Structure formats: structure tokens, C-alpha cells
Amino acid sequence: MARRVRLLMPPAALLFLGLALLIRVVDDGALRQYSGTALYASMVWAGVLFLWPRMAPVPAGALATVFCWLVECAQLTGVPAELSARSLAARLALGVQFDPVDLAWYPAGVAPLVVLHHLVRARRRAASPVPRPVDTRL
């Protein structure tokens, strides 16, 4: 199961990235801004599960959200802006400017995935036979 999760997370992250880029092409307003923020958090969630494929849904979602919040708050220091001025990759990963609204959009990008993750795990548990203890008495 862990191996399967680890194999699925890079394509999931690419799917989230592709969706974010598609939205950037077709919209230049609020949808572009906020969906990008939410989908960034979705990519971080995929990264968390890639690194720790056995992690339960709520801790994985919490870790992804806290990571995003830390990156957002780091923007208050100016360091991400300085790095972003030199590198497109840093700009995409770290952002440039603190936006308090983003703090609410990160959980919005993670929460549906936590629910989906929970449902998949519950379904998988229901489908697998429960191991019974072996009676070792003679």
C-alpha cells in the first residue's frame, strides 16, 4: 500500500500543477490567484504523502497546511522575495509577497484531499479481511 501511495503522489502533484497552469492561461483574476494558492497546498500534500506514504489523512493534511503557512509567513522576512527575483523556481515555490488571504486558501486546497484520503483508507480497510488471532492452545 505504501509503495502504491508513493508512486501515485508525483502524478497527483503534476495533475495539480497542470490544473493551476491551465487556470492561469484562461483567467487573470481572483480565480487565478486563489486556485493557485489552493493547488499549491494540494501539491504540498502530495509531497507529504510521497515522503511519508503511511501517514494518516489528518496529520498529512495538517503537516501540508502548516508547511504552507510557514512558507507564507516567511514572505514577511523578504527572503523569499529576494530569492524569487533571481529564480523562477523560487518564485513558484516560495512566492514573493505575504497575503493573509492565502492563509485561508491553503486549508481549502488540502481539506478535500484529506476527506478523499480518509474515504480511500476506510474503503480499503473494509475490503481487506481482518486477521484473526491464531489460537495457540493445545
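Let's start with Ser84, which is buried at a relative accessible area of 8%. Buried here means under 20% relative accessible area, computed with a 1.4 Å probe on protein chains only. A caution on the source: this is a predicted model, where local features need pLDDT of at least 70 and side-chain atom pairs count only at pLDDT 80 or more, while totals for chains, interfaces and linings use all residues. Residues are numbered from 1 along each chain as its sequence is written, and side-chain values use heavy atoms, with hydrogens and water left out.

Back to Ser84. Its place is helix H4, residues 79-86. Helices are DSSP runs (H or I, at least four residues), numbered from the N terminus. Setting aside neighbours within four places in sequence, Ser84 is in contact with Ala90, Arg91, Gly95 and Val96. Contact means heavy atoms within 4.5 Å.

Next, the pockets. A pocket is an open set of points on a 1 Å grid over the protein atoms alone, where a 1.4 Å probe fits, with protein on both sides within 12 Å along at least five of seven lines; lining residues have an atom within 4 Å of a point.

The largest pocket holds about 890 Å³ of space. It has 29 lining residues, and Gly36, Tyr40, Arg91, Leu92 and Gly95 are the closest to its centre. Helices H1 (2-26), H2 (30-51), H3 (57-74), H5 (88-94) and H6 (102-127) each give two or more residues to that lining. Which helix gives the largest share? H2 does, with eight residues.

The second largest pocket holds about 500 Å³. Its lining has 21 residues; nearest the centre are Met1, Val5, His117, Val120 and Arg121. H1, H2 and H6 each supply at least two residues. Here the largest share, eight residues, comes from H1.

Last, H6. Its 26 residues should span 38 Å at 1.5 Å a residue, and its end C-alpha atoms are 38 Å apart, so the two agree. The expected span is 1.5 Å times one less than the number of residues. H6 also bends, by about 25 degrees at Val110, and Pro112, a proline, follows within four residues. That bend is the angle between axes fitted to the seven residues ending there and the seven starting there.

Which residues of H6 are buried? They are Asp102, Tyr106, Gly109, Val110, Leu113, Val114 and His117. Their cover includes H1, H2 and H3.

Terms used. Grid points are joined across faces, edges and corners, and a volume is the space filled by probe spheres set on the points. Buried means under 20% relative accessible area, exposed over 50%, partly exposed in between (1.4 Å probe, protein chains only).
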